[in-house]
Amino acid sequence: LLQPPPPHAPPPSPHAPPISPGAPPPSPDAPSDVPRVPPDSLRTPSDSPRTPDSPHAPAAAPLRLRGLRSIDLSATSANDRALTTLSRHRQLRSLRLWAADGVTDAGVLLLASCTALEHLDLRACGPGVTGRGSLEQLTSSLPQLRALRLRGVGEVGDAVLINLGRCCPHLSHLQLSCPAVTDGGVARLAP
């Protein structure tokens, strides 16, 4: 059941969908016709809580987004399990993982199957993403890559730049802040 709004809240718009209990509050700039999905409904069957009074409660079905082209998981606790799911979206074009601190190099390698990827943001993913070997392999698999952001990825070096120069002819935006990158590596990006 929906609770009446607190006395200080503005009345809900008659055109806005009801907000489910447990759902995050709508942001002020969010369109009012976008339904709010409570976080618990995004669980997979294995994640669903079982309570003593309902041990066989039906689990919410996972979302099936076959047309997913872009997703921003910045500043989330997304991890390699999430990247396993995303790696099945072969048509994915844009992925932002800025400060997604649960991601590791193994998860980054899973993205090699997303060959349509054009924009990838791995800035400040945390200690699990070192770039040690994973980014060389990944960039070899992303011929459509146009923008790559790697600021704060620990061990990105010249090998990544060499692969970018060789395998990513459409690259137009590269953001680095990696001490292991040398003039020799940058020279490999020359036209």
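Reply: Happy to; I'll start with the sheet, follow the charged side chains, and finish with a few residues in the loops and in a helix.

First, a word on the ground rules: this is a predicted model, in which local features need pLDDT of at least 70 and side-chain atom pairs count only at pLDDT 80 or more, while totals for chains, interfaces and linings use all residues. Residues are numbered from 1 along each chain as its sequence is written, and side-chain values use heavy atoms, with hydrogens and water left out.

Helices (H or I, at least four residues) and strands (E, at least two) are DSSP runs, numbered from the N terminus. Five strands form an open sheet in the order E1-E2-E3-E4-E5, and their pairing is parallel. Strand E1 (70–72) and strand E5 (173–175) are at the edges with a single partner strand each, so one side of each has no neighbour in the sheet. From one strand to the next the twist averages 5°; axes here are lines fitted to C-alpha atoms, for helices over the stretch in contact, and angles run from 0 to 180 degrees between N-to-C directions. Two strands pair if DSSP finds at least two bridges between them. E1 and strand E2 (residues 94–96) run parallel and are joined by three bridges. In one of these strands, E2, Ser-94 is the bridge partner of Ser-70.

Now for the charges. Side chains of opposite charge can pair when their charged atoms come close. A salt bridge is a side-chain nitrogen of Lys or Arg within 4 Å of a carboxyl oxygen of Asp or Glu, and by that rule the count is four. Asp-72 and Arg-96 make one of them, at 3.2 Å from N to O. This pair links distant parts of the chain, with Asp-72 in strand E1 and Arg-96 in strand E2, 24 residues apart.

For accessibility, buried means under 20% relative accessible area, exposed over 50%, and partly exposed in between (1.4 Å probe, protein chains only). Asp-72, with a relative accessible area of 42%, is partly exposed, and Arg-96 is partly exposed too, at 32%.

Arg-96 also meets the side chain of Asp-121 in a salt bridge, 3.5 Å from N to O. Asp-121 is in strand E3 and Arg-96 in strand E2, so this pair ties together parts that are 25 residues apart in sequence. Asp-121 counts as buried because its relative accessibility is 3%. Asp-121 has a further salt bridge with Arg-123, whose closest N and O atoms are 2.6 Å apart; Arg-123 is buried at 15% relative accessibility. Through shared partners, Asp-72, Arg-96, Asp-121 and Arg-123 join into one network.

Glu-118 is in the loop between helix H2 (105–110) and strand E3 (119–121). Glu-118 is buried but has no salt bridge, and the nearest side chain of opposite charge, Arg-146, is 4.0 Å away. Contact means heavy atoms within 4.5 Å. Leaving out residues up to four places away in sequence, Glu-118 touches Arg-93, Gln-144, Leu-145, Arg-146 and Ala-147.

Asp-80, in helix H1, is buried without a salt bridge as well, and its nearest side chain of opposite charge, Arg-81, is 11 Å away. A polar atom of the Asp-80 side chain lies 3.4 Å from the backbone nitrogen of Gly-107. Residues touched by Asp-80, beyond four places in sequence, include Gly-102, Val-103 and Leu-110.

Thr-84 belongs to helix H1 (residues 80–86) and is partly exposed at 32% relative accessibility. Its C-alpha atom is 7.0 Å from that of Gly-107, 23 residues away along the chain.

Lastly, the loops. Most residues other than glycine have a negative phi. Ala-75, in the loop between E1 and H1, has a positive phi of about 55° and counts as exposed at 53% relative accessibility. Ala-124 has a positive phi near 50°; this residue lies in the loop between E3 and helix H3 (134–140) and is partly exposed, with a relative accessible area of 38%.

Note on methods:
Lys, Arg positive; Asp, Glu negative; His and termini not counted. Polar contact = N/O pair within 3.5 Å; in protein donor to acceptor, adjacent residues only side chain to side chain.
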